[in-house]
Amino acid sequence: MLAPAAAPWVWVVFIGIGQGACFPLALTLMVLRTGGPAEAMALSAFSQMVGYAVSIAGPLGLGVIHTLSGHWWPSVAFLVILQAPTLGFGLAAARPRTIRF
């Protein structure tokens, strides 16, 4: 947001690390937080269904913000703000407990 053209390769590496680490971590947590294969399958199906359904709004919403403002920084600011609830959900998912159905 502050200097997007100053070091584009640095930003690309940070984005790649973040995206490359988060998806496998989410899939791993589904297995680690369940008691067996049936529960892992159910949790995986539910969380991926909800996750992909919610993620549909991301590109559309960021495009709308860009169109309304005429700049990209409000869209990036919105993504930065979304990191707070994402951190909360991630910390809750990382608690050492098992989900039972």
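Let me start with the rule for patches: they take residues with over 30% relative accessible area and no salt bridge, joining like charges within 9 Å and nonpolar side chains (Val, Leu, Ile, Met, Phe, Trp, Tyr) within 5 Å. A salt bridge here is a Lys or Arg side-chain nitrogen within 4 Å of an Asp or Glu carboxyl oxygen. Areas are Shrake-Rupley, 1.4 Å probe, and for residues only the protein chains shown count as cover.

This is a predicted model; local features need pLDDT of at least 70, side-chain atom pairs count only at pLDDT 80 or more, and totals for chains, interfaces and linings use all residues. Numbering runs from 1 along each chain as its sequence is written, and side-chain values use heavy atoms, without hydrogens or water.

Confidence next. pLDDT is the predictor's per-residue confidence, 0 to 100. The protein's mean is 88, and 99% of its residues reach 70 or more. Helix α3, residues 57-69, is highest at 94, while α1 is lowest at a mean of 85. Helices are DSSP runs of H or I, at least four residues, numbered from the N terminus.

Now the patch. Val10, Trp11, Val13, Phe14 and Ile17 make a nonpolar surface patch of about 490 Å². Val13 sits in helix α1, residues 8-32.

How exposed is Val13? Partly, at 47% relative accessible area. Buried is under 20%, exposed over 50%, partly exposed in between. Trp11 is partly exposed too, at 40%. Phe14 is exposed, at 52%.

Last, aromatics. Rings of Phe, Tyr and Trp (its six-membered ring) pair with centres within 6.5 Å; planes under 30 degrees apart are stacked, over 60 edge-to-face, the rest tilted. That gives one aromatic pair. The ring centres of Trp11 and Phe14 are 6.3 Å apart and their planes are at 45 degrees, so this pair is tilted. Trp11 and Phe14 are about one helical turn apart, because they lie three residues apart in helix α1.

How values were computed. Helices (H or I, at least four residues) and strands (E, at least two) are DSSP runs, numbered from the N terminus. Buried means under 20% relative accessible area, exposed over 50%, partly exposed in between (1.4 Å probe, protein chains only).
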